[in-house]
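These are my notebook entries on a structure that I had not examined before. I set down what I looked up, entry by entry.

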Amino acid sequence: MTEVVVTGVGVVAPNGWGVEEYWAATLAGRSGLGPLTRFDSSGYRAHVAGEVNFTPEDHLPGRLLPQTDHMTRLALVAAAEALADAGADPAVMPDFSAGVVTAASAGGFEFGQKELRALWSKGPAYVSAYQAFAWFYPVNTGQISIRHGMRGPGSALVAEQAGGLDALAKARRHVREGTALMLAGAVDGSLCPWSWLCLTRSGTVSPRRDPRRAFLPFDADASGGVPGEGGALLVLEAPERAAERGQHRHYGRIAGYAATFDPRPGSGRPPGLRRAIDTALADAGLGPSDIDVVFADASGVAEQDRAEAEVLSAVFGPRGVPVTAPKTMTGRLLAGGAPLDVAAALLALRDAVIPPSVHIAQPAHRDLDLVRDRPRPARLTSALVLARGHGGFNSALVLTR
Amino acid sequence: MAVDNGRRRVVVTGIGVVAPGEAGTKAFWDLLTAGRSATRTISTFDPTPFRSRVAAECDFDPEASGLTQRQIRQWDRTAQFAVVAAREALADSGVSGVNDPVRTGVMAGTACGMTISLDREFAVVSDEGRKHLVDDAHGVPYLYDYFVPSSMATELAWLVEAEGPVGVVSTGCTSGIDVIAHACDLIRDDAADVMLAGASDAAISPITVACFDAIKATTPRNDEPESASRPFDLTRNGFALGEGAAMFVLEEREHARRRGAHIYAEVTGYAGRCNAYSMTGLRVDGNEMAEAIRVALDRSRMNPEDVGYVNAHGSATKQNDRHETAAFKKSLGDHAYRVPVSSIKSMIGHSLGAVCALEFAASALAIEHSVVPPTANLHVPDPECDLDYVPLTAREQRVPTVLSVASGFGGFQSAIVLAGPEWSGA
């Protein structure tokens with residue numbers, strides 16, 4: 001089957017703007033979590049977030065600003081970085097040879113709050129002409145395809161926090177089918193009062209106010225997750241097609257993938273994460289001993305952490321593989337988190353170093369070889385990235401050098 | 001007939017529908033073949049302040065449809081439609097109990113997710129827009145399920161006991177085709193043998209109506225609600241909003257054959273392209289849709305002349321119907337003038353992401369019953385739309401294959417091809 005490699009990476013994250021700034025911060029253990037500043041959170045059940053604050057006028061054409069949500073602006077920045085990194089300009093490529101697949105979770109909710117408010121407080125005539133598409137789930141795919149002239153396949157997937165890996169797998173399929181270049185991943189996030197109210201109703205968000213104590217996956221003191229914004233977009237190509245346009249360098253290949261779903265609670269059947277890992281490894285033609293590092297889903301909800309730790313121990317053996325969660329420095333970025341982990345895993349393979357998890361003082365699972373506080377140099381040839389989505393979604397992606 | 005990706009082929013073995021008018025596949029097909037329009041003045045809220053006040057509404061009774069009081073309270077109307085349609089599709093296919101959970105998946109399409117609930121709950125927690133800092137104390141416990149439309153996929157997965165790939169495909173008004181295409185890919189790639197797939201949208205709410213008012217996409221023909229949606233007619237002036245769901249059991253062909261399932265049709269090919277032009281506008285030339293059609297036919301190993309019926313997007317906006325007609329001529333050549341083309345949006349309105357799943361149902365039923373549904377309300381031909389749009393009256397004829405297309409916000413253009421069980425290839 002056609003090999004699919006990553007030739008470009010674009011990142012926007014709470015702890016770094018652009019790939020290299022994000023990677024430097026991540027290796028240094030610098031967290032981007034802080035008190036929520038977008039609005040007064042005192043009336044709500046959570047107070048810490050991973051914000052990405054920037055001046056959009058410095059990065060995007062002015063005409064795009066009235067029609068885009070904050071997360072779409074971030075996605076457009078990451079898309080431009082990924083394509084530049086790959087040395088690709090889809091607008092000059094043959095017709096229909098470049099496409100886009102992104103993942104979303106809730107769409108442009110902040111834009112939506114503004115327009116809902118206009119509707120209810122002033123009337124229908126005050127709703128923006130852009131609302132029809134500025135909030136909808138595939139908005140990032142559409143805006144990216146327009147900005148870069150990408151007329152090939154376009155799609156958007158939603159599987160709460162697991163969808164980002166599904167988007168990369170779908171893009172891999174399009175490359176295997178013959179599309180020369182796919183841009184895929186997710187940049188997501190939603191930090192407005194209306195989304196904050198919805199997010200905190202998930203029951204998985206930490207109520208703590210101390211940014212260093214709010215998100216502690218695999219810690220005895222775990223209290224939930226912290227929402228953040230950002231993510232990563234990647235350029236996927238067949239290596240020979242990349243070489244044809246003069247691009248010989250790549251970060252690694254997408255070697256395996258699988259998605260599974262948990263049975264209904266109380267069914268007595270086992271959850272699906274283990275099968276996602278086993279199936280993704282089989283898809284990559286690898287065994288557990290071939291995996292050098294795992295980027296965990298790391299929900300921060302104690303029960304879910306325990307389930308993940310037990311699966312990792314069962315697949316790889318007790319302390320059988322280094323496990324890390326750099327998302328402790330960004331928060332959980334809705335659909336964007338898993339693609340950001342894929343970016344981090346590719347950079348880890350490139351630089352032979354495992355980025356750390358931070359703030360975890362009391363590891364709760366003895367069988368987990370958690371990489372904490374300091375980066376760990378290691379010979380790395382393959383990495384496993386895991387993502388779970390609220391409601392029962394499990395996705396696993398295998399990357400190799 | 002072979003497919004593009006080796007031996008695994010995908011067939012439709014179950015259909016479930018919640019459409020404007022009465023729920024159920026039979027009522028839907030009766031409506032279409034009678035050429036009856038289900039559009040009417042909006043009844044679920046006061047439409048007086050809006051420019052467009054007509055829509056095709058479902059006469060949906062959740063209790064009579066078998067939902068519990070708790071489900072009715074908790075689930076958005078979009079999820080209710082999806083589950084009710086899915087139950088009909090599962091019963092129709094007889095697959096329940098036969099399918100292996102780990103080889104079963106779900107793909108749900110939607111453009112607008114849980115819009116009605118979000119709109120209603122926002123009005124409460126914001127005190128009708130007075131408060132920016134929405135009120136936590138008045139928020140219902142289900143807000144997160146409305147926030148993420150993937151909650152609908154979870155309910156469907158539990159219904160069919162799916163433990164394989166599960167998710168939502170959302171590409172605006174092409175969602176219904178793209179979700180079926182993605183589900184077929186998962187079967188072809190051997191990730192599943194059975195997929196429950198389809199799309200649902202129930203978005204006839206103040207915010208949706210206001211959105212389309214703002215860009216004048218919907219029809220202002222408020223004094224003639226029954227004939228408001230007029231695809232390909234010279235007097236067309238926008239689409240009539242609709243709502244509904246259609247869900248399907250898609251099955252690997254040998255899996256279906258082994259259990260002796262009734263096969264409606266095989267999904268032989270599909271493709272999607274972006275116009276990379278505008279989030280809402282269409283180029284007149286129809287190039288991207290034509291390309292999607294060409295690729296979908298190529299993957300189906302079909303020539304243009306093999307297309308027996310074209311189920312059109314036919315939204316009844318000025319630009320769409322022209323754009324689409326150009327795309328048919330470009331991709332099908334002279335055959336575009338000979339093949340029957342119709343838009344069922346003339347009868348069921350435009351239910352956004354759900355509508356091309358409903359159109360996929362109509363396409364499979366056209367094959368099954370050898371009837372081409374008509375384009376209702378087409379009385380005054382538009383000289384720029386000069387194909388055979390099957391005006392007013394259904395046509396009894398063999399339908400060996402169907403091409404169904406869609407076009408939507410974001411620039412998405414999609415095409416999917418179905419072939420009847422007797423189709424033996426070109």
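**Entry 1. The two domains of chain A.** I began with the distance between the domains of chain A in this predicted model. The centres of domain 1 of chain A and domain 2 of chain A, taken over C-alpha atoms, are separated by 21 Å. I noted the bounds as 5-244 for domain 1 and 256-400 for domain 2. I then looked up the contact and found that 59 residues of domain 1 of chain A meet 55 residues of domain 2 of chain A.

Which elements give two or more residues to the side of domain 1 of chain A that touches domain 2 of chain A? I listed β1 (5-13), α1 (19-28), β4 (48-50), β5, α6, β7 (181-188) and β8 (230-237) of chain A. The largest share, 6 residues, comes from α6(A). By class, I recorded 30 nonpolar, 21 polar and 8 charged residues on this side of domain 1 of chain A.

**Entry 2. Helix α9 of chain A.** I turned to helix α9 of chain A, residues 273-284, and checked its length. Its 12 residues should span 16 Å at 1.5 Å a residue, and the end C-alpha atoms are 17 Å apart, which agrees.

Next I asked how many of the 12 residues of α9(A) are buried. The count is 9 of the 12, so the helix is largely enclosed by the rest of the structure. The buried residues of α9(A) are A:Leu273, A:Arg275, A:Ala276, A:Ile277, A:Thr279, A:Ala280, A:Leu281, A:Asp283 and A:Ala284. I noted that A:Arg275 and A:Asp283 are among them. The cover over the buried residues of α9(A) includes β9, α10 (302-316), β15 (382-389) and β16 (393-400) of chain A. After α9(A) comes A:Gly285, with a positive phi near 70 degrees.

**Entry 3. Where chain A meets chain B.** I then looked up the contact between the chains. It involves 64 residues of chain A and 66 residues of chain B. On the side of chain A that touches chain B, at least two residues each come from β5 (98-104), α3 (109-121), α4 (131-134), α5 (139-148), β6, α6 (163-177), α7 (193-200) and β9 (252-261) of chain A. I recorded the classes on this side of chain A as 31 nonpolar, 23 polar and 10 charged residues.

Entry 4. I followed strand β7 of chain B, residues 166-169, to its partners. Strand β6 of chain A, residues 154-158, pairs with β7(B) in the antiparallel sense over 2 bridges. There A:Leu157 has B:Val169 as its bridge partner. Within chain B, strand β6 (residues 104-109) runs parallel to β7(B), and 4 bridges join them. In that pairing I found B:Ala108 bridged to B:Val168.

Are the residues of β7(B) buried or exposed? I found B:Val166 and B:Val168 pointing one way from the strand and B:Gly167 and B:Val169 pointing the other way, and all are buried.

Entry 5. I looked up an open sheet of 3 strands in chain B, in the order β3-β4-β9 and with mixed pairing. Strands β3 (39-41) and β9 of chain B stand at the edges with a single partner strand each, so one side of each has no neighbour in the sheet. β3(B) and β4(B) run antiparallel and are joined by 3 bridges. B:Arg40 stands opposite B:Ala55 in β4(B).

**Entry 6. The domains of chain B.** The domain assignment gives chain B a domain 1 at 10-258 and a domain 2 at 269-419. Their C-alpha centres lie 21 Å apart. I found 59 residues of domain 1 of chain B and 56 residues of domain 2 of chain B in the contact. The domain 1 side has 30 nonpolar, 22 polar and 7 charged residues.

**Entry 7. Chain B as a whole.** Chain B has 14 helices and 17 strands. Its C-alpha trace spans about 65 × 55 × 40 Å along the principal axes. A compact globule of 426 residues would have a radius of gyration near 22 Å, and chain B has 20 Å, which agrees. Of the 426 residues in chain B, 67% are buried. Among contacts in chain B with a separation of 6 or more, 81% are between residues 24 or more positions apart.

Methods. Residues numbered from 1 in each chain as written. Chains lettered and ligands numbered in written order. Predicted model: local features only at pLDDT ≥ 70, side-chain atom pairs only at ≥ 80, totals over all residues. Domains from an automatic or database assignment. Contact = placed C-beta atoms within 7 Å. Nonpolar A, V, L, I, M, F, W, Y, C, P; charged D, E, K, R; others polar. Buried ≥ 20, exposed ≤ 12 C-beta atoms within 10 Å, placed from the backbone. Pairing = 2+ DSSP bridges. Expected span 1.5 Å × (residues − 1). Rg over C-alpha atoms; globule rule 2.2 N^0.38 Å.
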